[in-house]
Every structure is written in C-alpha cells, then in structure tokens.
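Good morning, colleagues. Please look at the sequence and the structure on the screen, and I shall then take you through the fold, the core and the charged pairs.

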Amino acid sequence: MLDSRLSRRAATRQRWAWLGPVAAALVAVASPASAWSDAAPASAYGQVIVLNADLLSHDSATATLQRWCANRHMADPPTIVARRVLGQDKPAGAEVRALLHAAPGEPIRYRRVALACGDQVLSNADNWYRPDALTAQMNAELDATDHPFGAVVKSLGFRRQTLSATVLMSPRDRRPPDAVIRHKAVLETPDGAPFSLVVETYTKDVLAEGP
C-alpha cells in the first residue's frame, strides 16, 4: 500500500513538473519586458501557453479540447468531432513497437484524425495502437466511425504519459504558425501497460473564437 502511494505521488510530481516552464512563460508574457511589441501577438502566445498547460495536466486531449472549444464559443453545440483521414497509413516502426511493448508479430493499427470543433480543425493526430489490448466493440467503433480515440477507450480508465511537449510558436512571432503545439504521448492502462502512441499537432485555429 505504501509503495502504491509513493508511486502515485511520484507520478503526480512528474506531471506537475511540466508546469514549471509553463509558469515561467506565462510570467514572461505578462511582463512589460516581454519581446512583444503589441498586445495582440502576446495574447495569442499566452493563450497557446495556457492551452499547452491544460493539455499536460489532463489524460484526455479530446476532453481538454472539448472544454477549450466550449469556453471560446467556437461552435454550437461545442462538440469535438474526429474526422478520419484515410489513405495515409504509417506502418509502425521499431520505435513505435518498442514504446507500445508490442510482442513480435503483434498487429499494430494506425489511425489519423483531424479533431475539429465546428469549422475549425484544432488538432491533427497520428495514432498507433494495439488492437489486441482493446475490446472487440472498441475496435469495431474505431474502424467504422469518426469517434475520437480517447472517447472510444475511455472505459479503460487510461492514463497518459507525455514523452515530449513542444510549443512551436515563439513570443517573437508576428503571426501564429500553422502548427502551434506538438505532443507525443503513450496511453497506458491503470496497470501500466501501453496500448497507444499518439503524436498530436495543434493548429493555429485553437486561437479562434466564436461570437
């Protein structure tokens, strides 16, 4: 029991350790000495930093984008839809198989989706996953629908281990680049077994606002 509590505390410390640089960046944005020459781009960069922190502090990127979409009134209803991108299969290489702890010969499936809220594509996600780790119903839903991966496998009670998180926008950018954030993460079952590797690239449309 003690080992379990210590493990959970260590995981919590690791997760919130990401927020040190995030907090520093937020202070830089708010500071009069910021590199920005006007308020608009500084505001955009600050919003990207806030979204990055929100994504890092939750296990489900889909749920985080759902809240982000609702708070910014991007659509009515503010629902995240996963639009399947077909015909761009990326076979799982040695790195992907190693990260997923895939057995020799074990099948790995690939799924690419664009996560959209209304007319805005907020994220493009590459996902490699182990179908043998999911239920038959989950696999059928992933094959036949555009439902977000995180929503389909929610009942697994998964946790997210972030491997890298990169803010692609600089405070000196006059305009947001097409891609503003990129995350690479492994999704694990509660017992620590990895079943999905995701690479998520968030677009400048995350800065859009509704009326």
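This is a predicted model: local features need pLDDT of at least 70, side-chain atom pairs count only at pLDDT 80 or more; totals for chains, interfaces and linings use all residues.

Is Arg160 buried or exposed? With a relative accessible area of 8%, Arg160 is buried. Arg160 pairs with Glu200 in a salt bridge, with the closest N and O atoms 2.5 Å apart. The pair links distant parts of the chain, 40 residues apart: Arg160 belongs to strand S4, and Glu200 to strand S6. Glu200 is likewise buried, at a relative accessible area of 7%.

Let me now step back to the overall architecture. The chain contains seven helices and six strands, and their order along the sequence is α-α-α-α-β-α-β-β-α-α-β-β-β. Of its 211 residues, 40% are buried. If we take the contacts between residues at least 6 apart in sequence, 61% of them join residues at least 24 apart.

I turn next to strand S5. Seven of its ten residues are buried, so that the strand is mostly covered. On one side of the pairing scheme, S4, residues 159-167, runs antiparallel to S5 and is joined to it by eight bridges; within S5, His183 stands opposite Ala165. S5 also pairs in the antiparallel sense with S6, residues 194-203, over nine bridges, and here Lys184 has Val199 in S6 as its bridge partner. S5 and S6 form a hairpin with five residues between them, and Gly192 in the turn has a positive phi of about 90 degrees.

What of the interior? The largest nonpolar core has 24 residues, and those with the most contacts inside it are Ile80, Leu122, Val180, Ile181, Tyr202 and Val206. Among the elements that give two or more residues to this core are helices H3 and H4 and strands S1 and S5. H3 gives the most, with six residues.

Beyond its neighbours up to four places away in sequence, Thr62 touches Ile80, Leu115, Pro148 and Gly150. Just after H4, His73 takes a positive phi of about 55 degrees.

Finally, let us return to the charged pairs. The search of the whole structure finds ten salt bridges. In one of them, Glu209 pairs with Arg72, the closest N and O atoms being 3.7 Å apart. Glu209 sits in the segment after S6 and Arg72 in the loop between H4 and S1, 137 residues apart. Glu209 counts as exposed at 59% relative accessibility, whereas Arg72 is buried at 10%.

Another salt bridge joins Asp126 to Arg112, with the closest N and O atoms 2.9 Å apart. Asp126 lies in strand S3 and Arg112 in strand S2. Both partners are buried: Asp126 at 8% relative accessibility, and Arg112 with a relative accessible area of 17%. Together with Lys90, Arg112 and Asp126 are linked in a network of salt bridges.

Terms used:
Residues are numbered from 1 along each chain as its sequence is written. Side-chain values use heavy atoms; hydrogens and water are left out. A nonpolar core is a set of buried Ala, Val, Leu, Ile, Met, Phe, Trp, Tyr and Cys residues joined through side-chain atoms within 4.5 Å. Buried means under 20% relative accessible area, exposed over 50%, partly exposed in between (1.4 Å probe, protein chains only). Helices (H or I, at least four residues) and strands (E, at least two) are DSSP runs, numbered from the N terminus. Two strands pair if DSSP finds at least two bridges between them. Contact means heavy atoms within 4.5 Å. A salt bridge is a side-chain nitrogen of Lys or Arg within 4 Å of a carboxyl oxygen of Asp or Glu.
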